[in-house]
Amino acid sequence: MRAAVRMALLSGGLVVACAAVAVQGRAAQEGTGRAGTDTPFRPPVGFTDEAAAPPLAKEITDDRRRARNYPEQPPVIPHNIVGYQVNLQLNQCLTCHSRQYTEQVQAPMVSISHYQTREGQTLGAVAPRRYFCTQCHVPQTDARPVVENRFRPFDALVEPTPDSGSGR
């Protein structure tokens with residue numbers, strides 16, 4: 001008996017909620033309702049309508065090394081990597097950054113830590129866990145942050161600023 005009453009109340013509540021949504025949507029379509037910025041409901045959109053994708057941010061490809069913001073930060077990629085292949089057969093990043101080619105192309109060598117296993121054993125080639133470069137290293141773009149960024153580099157936290165005074 002109690003279960004039947006609960007089901008009836010839930011069904012009634014669901015019908016009322018659907019009716020409210022339908023009325024709100026219809027009012028928004030007709031421009032008579034409050035759909036817009038002051039309502040949690042989005043304006044009506046057809047199922048086949050597609051929003052235009054925002055333009056892609058421009059990559060920064062000036063080949064200048066960037067300062068790292070904190071210890072152990074992976075360096076960012078200062079050049080274009082569009083079309084680079086990194087798969088089980090080929091890692092195009094290593095054609096410049098592996099130990100054997102760095103002198104010829106003057107690219108920075110992959111860190112020695114990339115030649116070590118988790119257990120600290122040194123290998124003759126890049127360790128499999130470090131093989132896929134873009135897991136940690138990313139190219140930079142001129143994209144604006146989606147939210148305000150109040151990040152301060154590590155050095156700014158360690159070194160006192162002139163306005164911080166001499167007292168602690």
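Predicted model: local features only at pLDDT ≥ 70, side-chain atom pairs only at ≥ 80, totals over all residues.
Local features are taken at pLDDT of at least 70 and side-chain atom pairs at pLDDT 80 or more, while totals for chains, interfaces and linings use all residues. Residues are numbered from 1 along each chain as its sequence is written, and side-chain values use heavy atoms, without hydrogens and water.

**View 1. The largest nonpolar core has 5 residues.** Leu94, Val110, Tyr115, Val126 and Tyr131 form this core, a set of buried Ala, Val, Leu, Ile, Met, Phe, Trp, Tyr and Cys residues joined through side-chain atoms within 4.5 Å; buried means under 20% relative accessible area, exposed over 50%, and partly exposed in between (1.4 Å probe, protein chains only). Beyond its neighbours within four places in sequence, Tyr131 has contacts that include Val86, Leu88, Leu94 and Val126, where contact means heavy atoms within 4.5 Å.

**View 2. Asp62, Arg64 and Arg66 are linked in a network of salt bridges.** A salt bridge places a side-chain nitrogen of Lys or Arg within 4 Å of a carboxyl oxygen of Asp or Glu, and the structure holds 2 of them. Asp62 meets Arg64 at 4.0 Å, N to O, and Asp62 also meets Arg66 at 3.1 Å, N to O. Arg64 is exposed, because its relative accessible area is 54%, whereas Asp62, at 35%, is partly exposed, and Arg66, at 34%, is partly exposed.

**View 3. Phe151 lies in the loop between strand 2 (140–141) and helix 4 (154–158).** Helices (H or I, at least four residues) and strands (E, at least two) are DSSP runs, numbered from the N terminus. Phe151 counts as partly exposed because its relative accessibility is 48%.
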